[in-house]
Structures are given as C-alpha cells and as structure tokens.
Protein chains: 2
Amino acid sequence: MLTLDTTRDMVNKALSNLVLKTQPAELYDPIRYTLSIGGKRLRPCMVIMGCNLFKDQVDEAIHPALAIEIFHNFTLLHDDIMDDSPIRRNQPTVHKQWNRNIAILSGDVMAFLAYGQLIQTRTDIINDLIHIFTRTAEGVCEGQQYDMNFESKCKVTEVEYLKMIELKTAVLIGASLKIGSVIGGASTSDAESMYAFGKNLGMAFQLQDDLLDVYGDPIIFGKTIGGDIVGNKKTYLLVKTVEMADEKMKEKIIDLLEDRNMEREEKIRSVKTIYDQYDIKQRTNEMVNNYFSKANSKLEEVRVEERRKQELRKLALSLLDREK
Amino acid sequence: MLTLDTTRDMVNKALSNLVLKTQPAELYDPIRYTLSIGGKRLRPCMVIMGCNLFKDQVDEAIHPALAIEIFHNFTLLHDDIMDDSPIRRNQPTVHKQWNRNIAILSGDVMAFLAYGQLIQTRTDIINDLIHIFTRTAEGVCEGQQYDMNFESKCKVTEVEYLKMIELKTAVLIGASLKIGSVIGGASTSDAESMYAFGKNLGMAFQLQDDLLDVYGDPIIFGKTIGGDIVGNKKTYLLVKTVEMADEKMKEKIIDLLEDRNMEREEKIRSVKTIYDQYDIKQRTNEMVNNYFSKANSKLEEVRVEERRKQELRKLALSLLDREK
C-alpha cells in the first residue's frame, strides 16, 4: 500500500509535470506561483489513497488528484482576496504580489483547469466525478459565504458553525476520498462510507484547528497562538462559549471583543480565562474525538481487507496528531 | 425549424424553471438577480439552434444552453468587478448592489452551476462537451486578461487586438454552436465547421460593435455614441488607426487621449476626424464583411439540407443588422 509520503511525492511530481500555458503571463504566472508554494497536499493525496484502498494501480487517480489540489488552491486564492490577507504559507498572496483583478481572473481559470484535470481519467466514471466535484465546489463556496456572514453576525449558533465548517472544509476532504474511491472501483456504498469518513475527519480537523489556536504549542502548531482571539474570529470555542454563557457573561465577552485598546496578550489571557470557566478545551476535545471516532467507524464499514486500510488510518491519526 | 424567437422563449422558460438554492441568500440571490435581468440570450439560443440544425428534437440541448448562459453571465459579473462598472443592462451590477466579495463568490458558484447544467444531457457526449466548454472558458479568461493588459499598454497591434476579441468574444459563440451541434449528432467535421461559423460571426459582431460606438445611430444602437472614445478604450478603430499613422500623427492621437480637459463632444469629434482621414469606417466595415462571409462559407460546408440552415442564416444576419 502507498504511504502518505510516497503519495505526496507522486502528487508533487505530477504538479511539476503539469504543463500550464505561458501567455498571458499575468494569468498563468500567478497559478504557477500558487501551485509551487506548496502546502501539505493532503487532499490530492487522499484522492490517490482513496483509490489505492480499492486498487493497486493508481495512475487513473493522478489527474483527478491534481484537480482537487488546483480547486483547493483556487478557493484559497479567492478567499485571500475576500479576507484581504497579505500572506499565505509565508509568501505574499496573489492579490498582493500582482493585483486584485489578476487574482480574481487567475483564480477563475484555476476552476476551469481543475475540470480539465478531473476528466483525464476513465471515461466511464467522468460523469460521476463531475457530479461529485461540482456539488462539492458549490458547497465550499456556500461555506465561505456563511463564514463571511458570521463576521458581521452577532450571534452564531453551534449548529450554524458546524454547518459552516462542514461546507467550507469537510465536504472537500470527503469528496477527495470519494473521488479516489470511485476511480478505484468502489461500490456505491463503500464510496459513500469513504465520503463520510473524510467528512467526519474534516470536521475533527477543523475543530482541532480552532482548539490549537488557543491551546496549541506555538512551535509545533507553526502559528502564533491566539490569532483567532485577537482577530475576533468566530471559532467553535467562541461560539460554544457564547451559547453557554448567561446574559451578563455574554455582555462581558462582547465588551472584550469590541475593546480595541486592550493589549494583545491581555486579550488572549482574558478570553482564555472565560473559555476555561466553561471547560471549553475539554468540550472541544470531546467534539474532536466524537468526529474522529465517527470517521473511523465509517472506514470500518468499507468492505476491503483490514491491511489495506492501514495507511488511511495513519493519515487520519497524523492529521489529529499536530499538538503533540 | 425553430426560429430565434421560439428558441429564446424556450431559453427564458428553462431559466425561469431553473431551481437555485435559497441559502445562503447572499450567494444565490445575486445569481437569481443576474440571470433574471435578461439580455438577448443569444448564446444559449445558438446551442439550441446548433442542435436543431441536425435534429428536430432539441430537449437534450436545453440544460447545456443554460450552462452557456450561466457561464456568460458569470464572466460579465466578474468583468464588472474588474472594470468597476456600476451598471449592466440598466441595472446596478452585483458588486454595487451587494458588495465586491459577494460578487466574487456568487460568480464563482455560477462557474460550477454551469458545469452542473452542462452534464444534464446524453451521457455519451458529456466528455466531449466538458472538453469544449473547459477549453473555451479558459480562452474567455485569457481574452479578458489581454483586454485588461491593453489598458496599460501603449501599443497594441491589430494582430493582438484580433486575438483578444477572438478569445474574449468569438470562441464562446463558436463553442455554443459546436456544443449544440455535438448534441444534435453532428459529425466531427460538421461540428468544427459550426465552431468556425460561430467564431467568425463573433469576430464580425465584435468589430461591428466597435464601429457602431462611433458611427452608429444612437437610437437604434441603444448606447451613447463615442463611449469608447471618451473612455480611451482600445478598439479596433483606434488600434488600426495608430498602426497606420506616422510618428507625428501617433503623437497627436496620444495627446488627444491623454487630454483630460477636453470636452466630451470635442474629443469625439477630433478622434472621428482622424478616423475619417484613415478611412477607418470603410476599413472596419471590410473586416466585418470578411469575417461575415467566412462565417457563411463555413455554414455552407455543413452537410445538412439547405432549408435547415435558414434560421441560422437569419440569426447571423440579424446580429449584424443592428445599425439599420
């Protein structure tokens, strides 16, 4: 069975072999730039590993894997414009390095390039793949819209928050594994189990990301701690706390969020104190574990030999093993 | 045979039956708004009429026709952000009516919705349709990028200009007819002839649009005359004039374009005087006629009974009959 590392090498090799046009340079240079910066390539690896679960030969999964990676980077590129983020993966974002219009348009092309890659596989399954991919892409856009709406919304419920991360993050992980499985020849029910495995894993991953922003080890997590708190980002921790808080505490939290004069470290400390009061670390960890075990039980249901599942189990574990 | 009017009724009916999600409203309301504002629906009509050329039954062409209309409106929506245009078809543009982020994201969803419609046809041709559509969509983005580049470019050659309008306008008209033809069961060579018919027709259409901006009857053309001149837009007329002008005249033109104090009507008159000096109306008309007859000779090549071609001939004529 292919390991995550081997699969990642395959993805990186395929990406470096990807022939993009050169003209107009303003359109294709930003795409080359975005795709070369890297990242963990988790989603395309999941396409290939999803295929490998059912079949040793994974060649037919390579181009669809690139489709997912190109699509994922397209969403990051457009999200960065919308959030006006200057930096992504330690490099200037496309709209900063070039300009906003170039970022809009090169992102648009990436959406089409993704379809161009997706259909480079067995013709008998293209229809299925396009269906899965298109529905997922719409969902990811919906997730981003909900996330943007939350910025100006006073009250976000736990249910709304979970729906948002499901759309923005989890469905693409589910779709990556499902697309791989379909290419690998999985039965409909196995492909659905793989989708559910990925979706639940994605939920666990995103909730843990929220958790690590506050409680993670900055050296291992690779990000400054408390960024979400300082940015008043509506994370699971904040949404859940506000939902549990009484009116007085809600006001206190709102005052804290709206206080523009408070020192960074003091703000982080104050919010953390409230979180601790509501056992939010433990509660979020429970959610992470729930989703993680749902994910595992979905993988359990897939009717292939246990030994074939080992690499996906490792991948799932490594995804959640970032805080140690 | 279906007439343009009948076909347009079919398109409008299909559009009004199109079920779009309602939530998140910020994502789907702008799409509903954009698609409801209208326009001539020429491209989707071409899909259906392209199909009808080869086959009486056109049901299988309806959803792909919607795909083309949704895609076309997606490009307008994003172009309007990039050009910061406040008005489209006498209505506020999406980024003005809502905001820029909503316009980016609802445009993105439209690209995916287009694929969702495109694949609602016979499964045996989906692969072909996705190929044609994806390559065309990339081309349209390239055309928009070239067009944006021209704004800051001092010298644009005739060849560069023709390449730009080919990508930005003509290939989508070609693709609309080709997609329809493929659905109608056209042979590969007939489908290619239809593509070339549409592409040449698109070139003629765009060049005539440039011409009408200066020499059209404002009442019939439906736009204020001279808008391109006042906006310093690099049209075929300007590009061709600069290419023919000697150094002294080139300087005069540049001075005219850069003069911010000149009255609107005076500027239009001055530029028009130069155009007249170079017979630009006649030259552009010749180009229009050349492309138009190339288009017609391509339609000629298609191996179906002459009577089946009548409605497409009428459509082609009506496209170029806007000045009378």
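**Helix packing, interface and backbone**

Author: In this predicted model, helix 4 of chain B passes helix 8 of chain B in a right-handed crossing.

Reader: At what angle do helix 4 and helix 8 of chain B pack, and how far apart are their axes?

Author: Angles over 145 degrees count as roughly antiparallel. Helix 4 (residues 59-83) of chain B and helix 8 (residues 158-183) of chain B pack at about 165 degrees, with axes 10 Å apart. The two helices of chain B are therefore roughly antiparallel to each other.

Reader: Which residues of helix 4 of chain B meet helix 8 of chain B?

Author: From helix 4 of chain B come Glu60(B), Ala61(B), Pro64(B), Ile68(B) and His72(B); they meet Leu172(B), Ser176(B), Ile179(B), Gly180(B) and Ile183(B) in helix 8 of chain B. By class, the residues of this contact are six nonpolar, three polar and one charged.

Reader: How many residues of chain A are in contact with chain B?

Author: On chain A there are 30 such residues, in contact with 30 residues of chain B. The elements of chain A that give two or more residues to this side are helix 2 (25-37), helix 4 (59-83), helix 6 (100-118) and helix 7 (123-151). Helix 7 of chain A provides the largest share, 14 residues. The side of chain A that touches chain B has 17 nonpolar, nine polar and four charged residues.

Reader: Which residues have the most contacts inside the largest nonpolar core?

Author: A residue is buried if 20 or more other C-beta atoms lie within 10 Å of its own, and a nonpolar core joins buried residues. The largest core here has 185 residues, and Ala114(A) and Ala114(B) have the most contacts inside it. Leaving aside residues up to four places away in sequence, Ala114(A) touches Ala67(A), Ile70(A), Phe71(A) and Phe74(A).

Reader: Is the peptide bond from Gln23(A) to Pro24(A) cis or trans?

Author: That bond is cis, with omega near -5 degrees. Pro24(A) lies in the loop between helix 1 (4-17) and helix 2 of chain A. In chain B, the bond from Gln23(B) to Pro24(B) is cis, with omega near -5 degrees.

Reader: What is phi of Asp279(A), and where is this residue placed?

Author: Phi of Asp279(A) is near 50 degrees, a positive value in a residue other than glycine. Asp279(A) sits in the loop between helix 14 (264-277) and helix 15 (280-301) of chain A. Because Asp279(A) has 13 C-beta neighbours inside 10 Å, it counts as partly exposed.

Methods: Residues are numbered from 1 along each chain as its sequence is written. Chains are lettered from A and ligands numbered from 1 in the order in which they are written. This is a predicted model: local features need pLDDT of at least 70, side-chain atom pairs count only at pLDDT 80 or more; totals for chains, interfaces and linings use all residues. Axes are lines fitted to C-alpha atoms, for helices over the stretch in contact, and angles run from 0 to 180 degrees between N-to-C directions. Helices (H or I, at least four residues) and strands (E, at least two) are DSSP runs, numbered from the N terminus. Angles under 35 degrees count as roughly parallel, over 145 as roughly antiparallel, 65 to 115 as roughly perpendicular and the rest as oblique. A crossing is left-handed if the near helix is turned anticlockwise from the far one by less than a right angle, and right-handed if clockwise. Two residues are in contact if their C-beta atoms, placed from the backbone, lie within 7 Å. Ala, Val, Leu, Ile, Met, Phe, Trp, Tyr, Cys and Pro count as nonpolar, Asp, Glu, Lys and Arg as charged, and the others, Gly among them, as polar. A nonpolar core is a set of buried Ala, Val, Leu, Ile, Met, Phe, Trp, Tyr and Cys residues joined through C-beta atoms within 7 Å. A residue is buried if 20 or more other C-beta atoms lie within 10 Å of its own, exposed if 12 or fewer, and partly exposed in between; C-beta atoms are placed from the backbone.
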